[in-house]
Amino acid sequence: SHSCERVLPSGTVELVINLAHDGFLVETSRGPQRLRGALVSGVYQRFFWIDTRDHADVIGVHFKPAGAWPVLGRPPGLLTDQHVDLEDLWSAADARRLRVQLMEADELQRLRLLEEALTARCLQPRALHPACAPALGALSDGRSVHEVAAAVGMSARRLQSLFQEQIGTTPKRYARLHRFQRALAHLRLPVSPDWSA
């Protein structure tokens, strides 16, 4: 019923494959961008617009923090605030082959095929830096960046650099996006939340 939709930042890297036609139109503050039928969206720090007709029949993946790196072959920090054709990250033949296989499969087969393709690309997984997992949890619990940095035994500047590379955003921005997503989830509850709390 509407031709465009505002996509709010989620704090995740996402892979989206169009099963209807070979194209996406995305509009950011930098202007419109036309992409092929399989795209990767880095961690966005602001909203962007999509043409809803391009998203009528899609399959996608929301990667956990740092989970996209072994599959896509690029550190998330290089994809921040960007949309990139999957063909630019994988070989064009591999990206097209996956899309065609998904288009030809039924719904149950699609999930299995997508999982197999992503798993096959993870033969040499990159280990998340040992400080990232506890830092992600502590930031999600509302602790400050300085508290988290001290708890994991590094400077706030080093933690910021590490997050930018492995997560795709800074620790402070990650915490803000996490709080924002939590607030959005409360909007969907059947009972109105206590907003002052």
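Reply: What follows covers the sheet, the helices on it and the cavities. This is a predicted model, in which local features need pLDDT of at least 70, side-chain atom pairs count only at pLDDT 80 or more, and totals for chains, interfaces and linings use all residues. Residues are numbered from 1 along each chain as its sequence is written, and side-chain values use heavy atoms, with hydrogens and water left out.

Me: What's the strand order in the open sheet?

Reply: The order is β7-β2-β5-β8, with antiparallel pairing, where strands are DSSP runs of E of at least two residues, helices are runs of H or I of at least four, both numbered from the N terminus, and two strands pair if DSSP finds at least two bridges between them. The edge strands are β7 (58–62) and β8 (83–85).

Me: And how many bridges join β2 to β7?

Reply: Five bridges join β2 (residues 14–18) to β7, and N18 stands opposite V58 in β7.

Me: Which strands does helix α3 touch?

Reply: Helix α3 (residues 92–104) touches β2, β5 (38–41) and β7, contact meaning heavy atoms within 4.5 Å.

Me: Switching topic, how many cavities of 30 Å³ or more are there?

Reply: The search of the whole structure finds two, a cavity being a set of points on a 1 Å grid over the protein atoms alone where a 1.4 Å probe fits but cannot get out, with lining residues having an atom within 4 Å of a point.

Me: What lines the second largest cavity?

Reply: Its lining includes F63, K64, P65 and I167, around about 40 Å³ of space.

Definitions and conventions. Axes are lines fitted to C-alpha atoms, for helices over the stretch in contact, and angles run from 0 to 180 degrees between N-to-C directions. On a 1 Å grid over the protein atoms alone, a cavity is a set of points where a 1.4 Å probe fits but cannot get out, and a pocket is an open set with protein on both sides within 12 Å along at least five of seven lines; lining residues have an atom within 4 Å of a point. Grid points are joined across faces, edges and corners, and a volume is the space filled by probe spheres set on the points.
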